[in-house]
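Please examine the sequence and the three-dimensional structure shown below.

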Amino acid sequence: MHLADGILPPAWCLAGHALALSAVGLLGRRVEPWEVARMGMLSAAGFVVSMLHFPLLGTSVHLGLFGFTGIVLGGRAFPVIYTTLLFQSLLFQHGGLLALGVNALNMGLGALAAHLLWRAPGLPEMVRGGLAGFVGTYFPALLMVAEFEAAGYGKGFVTIAAIYLAVAAIEGVLTATAVTFVRQAKPALLESR
Amino acid sequence: MNGPLTLVEGCRWTRVESRAKIIGLLGAALAVAAAQGLSVVGMQLALAGAWVATGGLPLRWALQRCALVTPFAAMMAVFLAFERAPDYGPALVVLGKAYGSVLLLGMLVASTPVPELVAGLERLRAPGVLVVTASFTYRYAQLLEQEWGRMDRARLSRSGRGAGPTAWGSRLAVLFVRSWERGERVAAAMMSRGFAGRFPQCAARGWGAMDYGFAAGGLVMAIPLGWEVWRGAGRGW
């Protein structure tokens, strides 16, 4: 799901950077000093989780847990995801530096959508967690497919969207389980935002 | 996190100031991304290769970096080849651009320790929240990775088999809970030491000829692009 450099037109990448950095500034404004340590720690955890690869449908995918990050951090998830992606790009070539803005927008918006779903009333917590985990992964995948379509890469990405359906389902199950666990072990984590 | 694919010992560009490297290499990568014609991308790829070689980075390093991006870039190229057949130029252009960018930005990490890179971003006026979060991420990612390894060994010693989705979810939750608690302890300790939301930075050293030369690398990479525009070869791909 990480776009490499040279794939999208440079104007899109620059616009992506401008939008993503604005979002980082906006959603990271008035961060308290005590909050920064927590954000950094969760960014590090997200980075570690993203290194866990598992085989799926003949390819290798890794977890992102954007939905879970959105649930826990709300709007603050955006700067955290941006930082995680920066490190992934620098150290493991997961996504390019020029495309970092577009990648951060895709995945950060997924986390924000997940957070909104998590706060939706009327559904059991486990279901909301599962839906948030699913949307946190699938929404960025759909955005990426739309970007490829707009950039003229053809219809092959419908296949990618189908693969990510499976990844998003796995993330949904994991997020639902994680939310249930956290509710028992550390409920403050779910109520901080 | 400075493994074999990151900081490379003996790289000549280590001496260049981090801001100069960020400006020069990002500018160069932008010039590569903006290229349209196969011949121009080929020229830029050759220039990037020369830049890598001048820095004293080994061929093995370059191949490893390119291998990392190959699955994604090749997939894009295949999709494009089907879409634009029988014109396979666009597919090759995408591959060339991906490899060119990877070599250029790989040089940034190969020649700059992560803390210096973060300091460079701060001096270039990156948002403060980003800089501090990045500093914490760098500091604690290794610790959390080790923690995950310990959790994995503990799971194996108790169950001796692979984990199902429920166990995976719980383990991930434990990692986040521990990170959160550690974050609280770290925050409390830092606040007690007067942390006000940002780390103090050493004053940046002035730029020398090497720094200016490196920062101008983006312009050099834009020369083939200018040639492409001048020749009017930039239509389509």
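L65(A) counts as buried because it has 29 C-beta neighbours inside 10 Å; a residue is buried if 20 or more other C-beta atoms lie within 10 Å of its own, exposed if 12 or fewer, and partly exposed in between, with C-beta atoms placed from the backbone. The model is a predicted one, in which local features need pLDDT of at least 70, side-chain atom pairs count only at pLDDT 80 or more, and totals for chains, interfaces and linings use all residues. Residues are numbered from 1 along each chain as its sequence is written, while chains are lettered from A and ligands numbered from 1 in the order in which they are written.

**Two residues with positive phi in chain A**

- L65(A) is located in the loop between β2 (59-62) and α3 of chain A; helices (H or I, at least four residues) and strands (E, at least two) are DSSP runs, numbered from the N terminus.
- The phi of L65(A) is positive, near 50 degrees, although the residue is not glycine.
- Most residues other than glycine have a negative phi.
- R30(A) likewise has a positive phi near 50 degrees and is a residue other than glycine.
- R30(A) belongs to the loop between α1 and α2 of chain A.
- R30(A) is exposed, because 6 other C-beta atoms lie within 10 Å.

**Overall form of chain A**

- Chain A contains 8 helices and 2 strands, and its elements follow the order α-α-β-β-α-α-α-α-α-α from the N terminus.
- The radius of gyration of chain A is 16 Å, close to the 16 Å that the globule rule gives for 193 residues, so the chain is as compact as a globular protein of that length. This radius is taken over C-alpha atoms, and the globule rule is 2.2 Å times the number of residues to the power 0.38.
- Along the principal axes, the C-alpha atoms of chain A fill a box of roughly 45 × 40 × 30 Å.
- Of the 193 residues in chain A, 56% are buried.

**Overall form of chain B**

- Chain B has 9 helices and 0 strands.
- The radius of gyration of chain B is 22 Å, well over the 18 Å that the globule rule gives for 237 residues, so chain B is more spread out than a compact globule.
- The C-alpha trace of chain B spans about 65 × 50 × 30 Å along its principal axes.
- Buried residues form 41% of the 237 residues in chain B.
- Chain B is assigned domain 1 (12-120 + 205-231) and domain 2 (126-192); such bounds come from an automatic or database domain assignment.
- The C-alpha centres of domain 1 and domain 2 of chain B are 34 Å apart.

**Helices of chain B**

- Helix α2 (residues 38-54) of chain B has 17 residues and reaches 24 Å from its first C-alpha to its last, close to the 24 Å expected at 1.5 Å a residue. The expected span is 1.5 Å times one less than the number of residues.
- The buried residues of α2(B) include V40(B), L47(B) and W51(B).
- Among the elements that cover the buried residues of α2(B) are α1 (18-34) and α9 (217-231) of chain B.
- α1(B) is mostly covered, with 13 of its 17 residues buried.
- L219(B) lies in helix α9 of chain B and is partly exposed, with 13 other C-beta atoms within 10 Å.
- The C-alpha atoms of L219(B) and A28(B) are separated by 7.0 Å, although the two residues are 191 residues apart along the chain.

**Where the chains meet**

- In all, 56 residues of chain A are in contact with 62 residues of chain B; two residues are in contact if their C-beta atoms, placed from the backbone, lie within 7 Å.
- α2(A) gives the most to the side of chain A that touches chain B, with 15 residues.
- The residues on that side of chain A divide into 41 nonpolar, 12 polar and 3 charged. Ala, Val, Leu, Ile, Met, Phe, Trp, Tyr, Cys and Pro count as nonpolar, Asp, Glu, Lys and Arg as charged, and the others, Gly among them, as polar.

**The largest nonpolar core**

- The largest nonpolar core has 137 residues, and those with the most contacts inside it are I81(A), A29(B), V94(B) and M107(B). Such a core is a set of buried Ala, Val, Leu, Ile, Met, Phe, Trp, Tyr and Cys residues joined through C-beta atoms within 7 Å.
- α4(B) gives the most to this core, with 14 residues.
- Domain 1 and domain 2 of chain B both give residues to this core, so it lies between them.
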